[in-house]
Each structure stands twice: as structure tokens, then as C-alpha cells.
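Dear colleague,

Please find the structure below, handed over for your study.

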Amino acid sequence: MARIITVAAAQLGPIQQAEPRAVAVERMLRLMERAHRRGAELVVFPELALTTFFPRHYHDDIGEADRWFETAMPSNETAPLFDAARRYGIGFHLGYAEIAEEPDATGKLRRRRFNTAVLVSPEGEIVLKYRKVHLPGHAEYLPERKVQHLEKRYFEVGNLGFPVVRAPVGGLPGVNMGMMICNDRRWPEAWRVLGLQKVELVMLGYNTPSTNQEAGGFEAHHLRVFHSHLSIQAGCYQNACFAVATAKAGTEDGHELFGHSIIVNPQGEIVAQATSWDDELITADCDLAMCTLGRTTIFAFEKHRRPEAYRRITEQVGAVDPPEWRPQAAE
Ligand code: ING
């Protein structure tokens with residue numbers, strides 16, 4: 001029986017360094033209003049949606065970057081988004097830089113910084129929180145790079161795993177929802193951990209440069225978007241789920257991020273795609289019953305998976321050299 005929700009990717013254009021949060025929030029409110037008019041029941045905003053993609057900027061003292069972080073959610077600047085959720089009866093996903101004063105693994109209370117996303121209910125409550133696990137880039141200034149990518153400097157690895165929660169969306173009493181952030185989408189392990197919790201809708205925001213910033217070798221420009229879509233389409237197909245993937249796009253202080261936000265179904269088909277690199281709303285009606293086919297046939301995990309053959313995936317970090325084959329010595 002059909003279980004249809006209307007979802008929206010609320011793509012944002014560029015946010016310049018000098019732009020205050022209030023401007024970004026105002027632009028997001030306009031997109032929420034448009035989403036309401038379109039009958040959307042859930043809106044997905046990008047990664048780090050409140051500020052410019054600041055990990056491209058080096059600060060010797062990481063405390064100087066704290067101005068890019070939120071110490072409370074909601075805060076005065078973000079409260080209007082929570083008010084709009086209540087006003088329109090719309091849930092939303094928001095990516096932001098989080099500062100939390102909390103104990104670390106040793107039990108020591110300290111200031112911790114994460115690349116975070118939250119799912120907020122139409123009543124304005126935080127239903128789910130996720131902290132980015134796969135942090136790309138580097139921690140120290142690398143002079144050979146065209147542009148720095150210092151997520152490993154400013155953020156800790158997320159400590160919440162990849163949680164899935166079942167919560168109401170629109171007229172449906174329960175939808176299994178999970179999140180990932182940007183680089184996470186390139187790692188099949190992230191999708192599979194969500195898939196093993198019967199996720200039906202993955203929400204993910206991204207800020208992805210439109211050209212390769214590493215000096216590691218040539219990558220044809222058209223492959224940047226191809227790799228992003230390939231990762232998301234594969235993740236959805238192989239875990240029989242929907243995904244809403246929302247970009248922050250355009251040129252931020254001279255650095256270009258690609259758009260191409262998409263909504264993907266459990267067959268891996270792109271059902272909606274943004275065509276601008278600016279603020280743009282794309283929507284789709286998603287029948288969650290579409291998840292059933294994949295998870296009861298090809299990807300019926302309980303029937304077909306063989307974890308005893310996958311141990312390398314959790315026991316190894318890097319790849320190891322294989323044994324060298326030698327021709328049989330002549331008899
Ligand atoms: N951005 C990029 C991403 O994974 C990147 C970084 C781009 C890594 C291309 C590898 C290749 O989409 C973030 N913020 O993770």
C-alpha cells in the first residue's frame with residue numbers, strides 16, 4: 001500500500017565570508033515558504049548551511065574559527081527556521097558547525113567541534129542528530145594545494161555513528177530516516193550501516209568544489225558531478241532507500257561549489273535535479289513502498305549477506321598488499 005511523502009531539497013547558492021547568518025536564514029525561510037506552497041512535508045538544507053564553507057580558510061588558532069560555529073540549536077539566528085517549521089507544519093534537515101561542551105572518550109569535559117546535521121520535527125523538536133564521520137582533507141596548512149580543505153583541523157570525527165530513527169512525516173505515522181554529510185556519501189559503508197537499520201530516506205547535504213583542489217593528479221571536471229551522483233544512486237539502489245542530497249553551490253569568495261542537488265529513489269533513479277547553482281527548491285513525491293521490492297528480493301540482507309566474508313571491512317583501515325603469485329617451479 002502506498003506510503004507517499006512529498007520531500008524537498010532546498011539548495012542554497014553561495015554564502016560569502018562576510019554574509020551574516022541572518023541573511024542565510026532569510027534565504028532559507030524563503031525556500032521553506034516555497035516548499036510549503038508546493039506541499040512539501042520535509043525540507044533538506046545543505047551541509048554547513050549557515051555560513052560560507054570556512055574549512056577552505058586556515059586559522060593558526062582554531063579558536064579563531066569559532067565564529068563559524070553554533071553553540072546552541074536553535075539559537076537566536078536559527079530560531080526563525082524552527083518557527084517556520086511550526087507555522088508550515090514542515091520538518092527540516094539543517095547542516096551546521098557545532099560546538100559542544102561535553103566529555104570526550106576519556107571522560108574529560110571539553111569544547112568539542114563537529115560538522116553536524118539535525119532533523120527538526122514540524123513541532124520544532126530535534127528528532128535526530130548526526131556528526132560527520134568521514135572528514136576529507138587535512139589538518140595542517142598544505143602550501144602545495146590550490147585551496148585548503150581543513151575539515152580535519154576544525155572538526156572531530158563524528159561520535160554518534162550512523163543512527164536511523166522512525167518518526168512521523170506529513171500524514172505518515174512513521175518513516176525510517178537517517179543522515180550522512182557530504183564526503184560520507186562516497187563511502188558505501190555509511191550507506192550500508194543505515195541500510196542495516198531499514199532506512200527508507202537518507203538526508204544529506206554537501207559543499208563540493210566543482211574542480212579538484214588537490215595537486216594529486218588530473219580529474220576531468222565533468223567527473224565531479226558524475227562521482228557525486230554515482231555515489232548517491234548506488235547507495236540508494238544497494239540499500240533500497242530514497243535520498244535527498246542538497247548542495248550549497250556557486251562561487252564563495254572566488255571558490256566554486258557545484259549544485260546538481262538530486263532526489264533519488266530505491267531503484268537508483270534521479271527523480272528530481274536542480275539546474276541552477278543558486279537558491280533553488282526541487283521536490284518529489286516519494287512512495288516509500290518502493291523500498292519493499294529491493295529489500296525483499298535482491299537486497300534481502302537476511303537472506304543473502306555473508307558477514308563472515310566481510311571481516312576486512314571492520315578489521316582493517318588501509319589496504320594491504322596481496323600475496324605475489326609465482327608460476328609453479330618446473331617439475
Ligand atoms: N566536500 C567534498 C566531498 O566529499 C571531496 C570533498 C570532493 C572529496 C571531491 C573528494 C573528492 O564532496 C566535503 N565537504 O566533504
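This is a predicted model: local features need pLDDT of at least 70, side-chain atom pairs count only at pLDDT 80 or more; totals for chains, interfaces and linings use all residues.

How many bridges join strand 4 to strand 5? Five bridges link strand 4 (residues 109–120) with strand 5, and the two run antiparallel.

Residues are numbered from 1 along each chain as its sequence is written, and side-chain values use heavy atoms, with hydrogens and water left out.

Helices (H or I, at least four residues) and strands (E, at least two) are DSSP runs, numbered from the N terminus. Two strands pair if DSSP finds at least two bridges between them.

Six strands form an open sheet with mixed pairing, in the order 5-4-3-2-1-14. Strand 5 (126–131) and strand 14 (280–287) stand at the edges with a single partner strand each, so one side of each has no neighbour in the sheet.

Helix 1 (residues 21–37) lies across strands 1, 2, 3 and 14, at about 40 degrees to strand 14; angles run from 0 to 180 degrees between N-to-C directions, with axes fitted to C-alpha atoms, for helices over the stretch in contact.

C286 is located in strand 14. C286 counts as buried because its relative accessibility is 1% (buried means under 20% relative accessible area, with a 1.4 Å probe and protein chains only). Among the residues that C286 touches are R3, F242 and I263, where contact means heavy atoms within 4.5 Å.

Definitions and conventions:
Buried means under 20% relative accessible area, exposed over 50%, partly exposed in between (1.4 Å probe, protein chains only). Lists of a residue's contacts leave out its neighbours within four places in sequence.
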